[in-house]
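This report describes one protein model in plain terms. Have the sequence and the 3D view open while reading.

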Amino acid sequence: MSAPTPADPAGPPPVPSAAYWEAAAATYDTEPDHGLRDPAVRAAWAARLRGWLPAEPSDVLDLGCGTGSLALLAAEQGHRVTGVDRSPAMLARARTKLAGRAARFVVGDAGQPPVGQRRFDVVLVRHVLWALPDPAAVLARWAGLLAPGGRLVLVEGRWGESAPAGLSAAELTALTSPLAARTELVPLSADPTLWGREVRDERYALVVRVAPARPAPRPRHTEVVDVHLVLRRGDEVLLARRAGTGYADGLLNCPSGHAEDGEDVRAALLREAAEELGLRLAPEDVRVALVMQHCAPPPARPRIGWFFEAAYGAGGEPHNREPDKCAGLAWYPLDALPDDMVAYCRAGLDGLRAGHRFLLHWHRPGDAIAHDPAGPGRAVALDGGGDAVP
């Protein structure tokens, strides 16, 4: 239902209450541009709608539809119309006008139409937006009711001279700009046939082709960063047997941990060495030996492993400081490693021994977390032609 425009342009139109519209329903159509009873007025609005609505039959949502005058014109042009108005008395007249047509009417707030998940090709609104609070939010809500390629058809104006009210074309264009792929402004003040009289205020239609909603950005890929200490005593390396962690318990791996948020990998390695082994390593005591991107069997996510080497004796004597997570420490020959190891760690040490610096280690469905000497090798060198690591 259109909010009333004043016969005297010296003053602004009121913003009526719901009770006002219920009482006004019986006489609403007596205004030439409300009831469209004059054949010339009716033909003028029909011609305008034909240019604003799609050529093919479409789903049109007429908000603040009042007694259904525009809805009837849209239905006569082959469109399927849903009308929303907060006045049951207005809608009763609209249902009578459109009896037998492809139309339905719902009592509700034009600013928050009760149409559920339905989507429309056109949202048609005449002289309603100016009277609603927070028009920018309302426009965004209406745009969300459109099917892809849909459009807003907004008939608005700015009325009154001493205390004007409404929305100017410039104001509404600015409000719709964030939503629009293309906008057509159609001045209407100079066409008295539409209004049944000459008008001096600003009246116009804005046809807004709404830009497709941008899909939500996909989250940036993130990976856990692991740090491994390859502590070497001659030809031997120190391995820890996992226990009580819930992952790979009973298997051997290098002392290891995760970098914390904001922590660089070397600082993380020094911290983990102190926490797990009681070693007080200095930055100059360690060097990067190998970097590996690893993924455990699905549905695990990828992670990056940094393997740092340090010589036995640096930082003190290693001892088990986390017996709740480690069942014991032992030295093993690097060229004769045990089989009961975490496959991830074993692949890193095998790659290091072979002289590689960068590896991929990607498990496949059905692969075991434990190293399987008879299973397929999953390590691929990135610094040697992509060859598998034996």
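## Buried and exposed

A residue is called buried when its relative accessible area is under 20%, and exposed when that value is over 50%. The model described here is predicted.

## Overall form

The protein contains 10 helices and 17 strands. Its C-alpha atoms occupy a box of roughly 105 × 45 × 40 Å along the principal axes. The radius of gyration is 37 Å, whereas a compact globule of 390 residues would be near 21 Å.

Of the 390 residues, 49% count as buried. The accessible surface is about 18,300 Å², and carbon and sulfur atoms make up 54% of that area. Among contacts with a separation of 6 or more, 66% join residues 24 or more positions apart. As for charge, there are 42 positive and 48 negative side chains, and the centres of these two sets are 7 Å apart.

## Helix α6

Which residues of helix α6 are buried? In this helix, which spans residues 135-143, they are Val138, Leu139, Trp142 and Ala143. These residues lie on the same side of α6, because they cover an arc of only 135° around its axis. In an α-helix there are 3.6 residues a turn, so residues three or four places apart point the same way.

What do the buried residues of α6 pack against? Their partners are the strands β1 (59-63), β4 (120-126), β5 (146-159) and β8 (202-210), together with helix α7 (169-176).

## Helix α7

Helix α7 has Ala169, Leu172 and Thr176 as its buried residues. Seen down the axis, they fall within an arc of 70°, so they line one face of the helix. Ala170 and Ala174 are exposed on the other side of α7.

The buried residues of α7 pack against α6, β5, β7 (180-187) and β8.

Most residues other than glycine have a negative phi, and most peptide bonds are trans.

Asp134 has a positive phi, near 55°, and sits in the loop between β4 and α6. Ala248 also has a positive phi near 55°; its loop runs between β10 (236-242) and β11 (252-253). Is Ala248 buried or exposed? With a relative accessible area of 14%, Ala248 is buried, because the cut-off for that label is under 20%. The peptide bond from Pro298 to Pro299 is cis, with omega near 10°. Pro299 belongs to the loop between β13 (287-295) and β14 (303-311).

## Tyr332 and its contacts

Where in the chain is Tyr332 found? Tyr332 is part of strand β15, which covers residues 326-333. Leaving aside neighbours within four places in sequence, Tyr332 is in contact with Asp235, Glu236, Val237, Leu239, Arg241, Leu252 and Pro338.

Cys345 is 13 residues from Tyr332 along the chain, and the C-alpha atoms of these two residues are separated by 14 Å.

How values were computed: Residues numbered from 1 in each chain as written. Predicted model: local features only at pLDDT ≥ 70, side-chain atom pairs only at ≥ 80, totals over all residues. Heavy atoms only, no water. Helix = DSSP H or I, 4+ residues; strand = E, 2+ residues; numbered from the N terminus. Contact = heavy atoms within 4.5 Å. Buried < 20%, exposed > 50% of the residue type's maximum accessible area, 1.4 Å probe, protein only. Arc of directions from axis to C-beta. Rg over C-alpha atoms; globule rule 2.2 N^0.38 Å. Areas by Shrake-Rupley, 256 points an atom, 1.4 Å probe, with all protein chains shown as cover. Lys, Arg positive; Asp, Glu negative; His and termini not counted. Charge placed at Lys NZ, Arg CZ, Asp CG, Glu CD.
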